[in-house]
Amino acid sequence: MSLFGFIGAGNMGFALMKACVKSFGQNQIAYYDLSMEKCSFVKEQLNISAENDNISVVNKCKYLVLAVKPQFLPEVLEEIKEAVSDHIVISIVAGVNIKSIKSILGSATRIVRAMPNTPAMISKGYTGICFSEDNFHDSEKELIYKFFNAFGKYDIFNEKLMNAVTCASGSSPAYVYTFIEALADSVVSLGIPRDKAYTMVSQTILGAAAMVLEGGQHPAHLKDQVCSPAGTTIAGIKALEEFGFRNAIMKATDACYERAVELTEKN
Ligand SMILES: NC(=O)C1=CN([C@@H]2O[C@H](COP(=O)(O)OP(=O)(O)OC[C@H]3O[C@@H](n4cnc5c(N)ncnc54)[C@H](OP(=O)(O)O)[C@@H]3O)[C@@H](O)[C@H]2O)C=CC1
Ligand SMILES: O=C(O)[C@@H]1CCC=N1
């Protein structure tokens with residue numbers, strides 16, 4: 001028996017398993033993925049062999065993590081429904097709500113819906129979580145918190161907010177990577193070597209984020225401290241505003257949210 005079973009070992013399943021190994025050890029993880037390539041990768045990276053199928057994963061664990069794409073979730077749930085008993089099902093599937101999972105697994109199934117992000121792999125992630133209304137024992141909740149703690153910070157939300165959480169936890173690392181690429185490209189064009197550009201930009205983002213998280217100061221105040229009167233930064237900020245920087249971020253959130261709602265409606 002293992003504590004945790006993962007169905008799907010792709011980008012996010014693998015990221016979570018990697019962090020889980022550090023907190024719980026290889027023996028506590030069972031998994032299966034349809035792709036033999038993914039299973040070989042997990043074996044190579046984490047030294048954990050895949051189970052033969054999804055049912056074996058369910059039979060081997062108490063906490064079952066669903067980490068397949070939303071469109072594949074119904075067939076996975078249909079496949080495992082008879083094997084699920086007193087498991088706690090942890091779904092990280094974007095847009096899919098607890099009610100719809102219960103409609104296949106049964107209303108008595110206890111579910112935790114979560115939205116992590118890929119930095120979970122190095123325990124620097126952020127996860128939003130919500131619980132189905134059912135009773136969880138204190139010891140189970142403790143274990144669930146330990147599970148999410150392995151990935152970084154987490155908070156508990158009402159399920160109504162989970163699609164909104166997706167916009168700033170699950171999806172936004174991609175925006176940050178796009179920002180890193182764009183800023184790095186722009187200084188490469190000024191002569192900075194590419195490897196230095198990535199380090200410079202990423203370390204700056206890390207530092208700026210730490211100032212907000214650890215310094216407890218308002219982002220606007222921190223921004224103002226960087227902007228010298230008639231200086232270089234305010235010239236850059238002016239250009240960003242001219243090209244709709246904040247508006248672009250807000251539009252991205254609108255689009256991300258709309259897509260999450262579409263996934264909720266479809267699933
Ligand atoms: N990527 C991210 O940053 C985040 C993703 N999520 C959520 O996590 C889930 C997984 O996303 P992600 O890891 O990116 O997706 P991936 O496609 O990388 O991984 C999903 C894996 O599941 C496998 N799979 C498909 N059907 C089955 C099945 N019936 N049984 C077993 N395995 C199966 C896929 O195999 P194959 O490739 O052969 O289809 C694939 O390897 C999604 O629901 C997404 O919303 C949540 C937060 C962040
Ligand atoms: O893009 C997606 O749908 C998934 C969910 C959050 C991050 N990736």
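Okay, let's start at ligand 2: the residues around it are Ala94, Thr166, Gly170 and Ser171. "Around" here is about being near, and a residue is near a molecule or strand if its C-beta atom, placed from the backbone, lies within 6 Å of it. That shell splits into one nonpolar, three polar and no charged residues. For those words, Ala, Val, Leu, Ile, Met, Phe, Trp, Tyr, Cys and Pro count as nonpolar, Asp, Glu, Lys and Arg as charged, and the others, Gly among them, as polar.

Quick housekeeping. This is a predicted model, where local features need pLDDT of at least 70, side-chain atom pairs count only at pLDDT 80 or more, and totals for chains, interfaces and linings use all residues. Residues are numbered from 1 along each chain as its sequence is written, while chains are lettered from A and ligands numbered from 1 in the order in which they are written.

Now, ligand 1. How many residues surround ligand 1? There are 27, and the closest are Gly8, Gly10, Met12, Ser35 and Ala94. The elements giving two or more residues to this shell are H1 and helix H4 (73-80), and H1 gives the most, with three. Helices (H or I, at least four residues) and strands (E, at least two) are DSSP runs, by the way, numbered from the N terminus. By type, the ligand 1 shell has 14 nonpolar, nine polar and four charged residues.

On to the database record. Under "binding site", an unreviewed UniProt entry lists Ile7, Gly8, Ala9, Gly10, Asn11, Met12, Ala67, Val68, Lys69 and Pro70. Those span 64 residues in sequence, yet no two of their C-alpha atoms are more than 14.3 Å apart, so they gather at one spot. A caution: UniProt positions are in the numbering used here, feature names are shortened, and annotations may be inferred rather than shown by experiment.

Let's zoom in on two of these. Glycine 10 sits in the loop between strand E1 (4-7) and H1. Leaving out residues up to four places away in sequence, glycine 10 touches Asp33, Lys38 and Ala67. Touching, or contact, means that the two C-beta atoms, placed from the backbone, lie within 7 Å.

Proline 70 is in the loop between strand E3 (63-66) and H4. It is partly exposed too, with 18 C-beta neighbours inside 10 Å.

Asparagine 54 is in helix H3 (residues 54-60), and it counts as buried because it has 23 C-beta neighbours inside 10 Å.

Last stop, the inside. A nonpolar core is a set of buried Ala, Val, Leu, Ile, Met, Phe, Trp, Tyr and Cys residues joined through C-beta atoms within 7 Å. The largest one has 57 residues, and Phe6, Leu16, Tyr31 and Leu66 have the most contacts inside it. Its largest share, seven residues, comes from helix H1 (residues 11-24).

And for contrast, look at asparagine 47, in the loop between helix H2 (36-46) and H3. Asparagine 47 is exposed, with 9 other C-beta atoms within 10 Å, and its phi is near 60°, a positive value in a residue other than glycine.

Methods:
A residue is buried if 20 or more other C-beta atoms lie within 10 Å of its own, exposed if 12 or fewer, and partly exposed in between; C-beta atoms are placed from the backbone.
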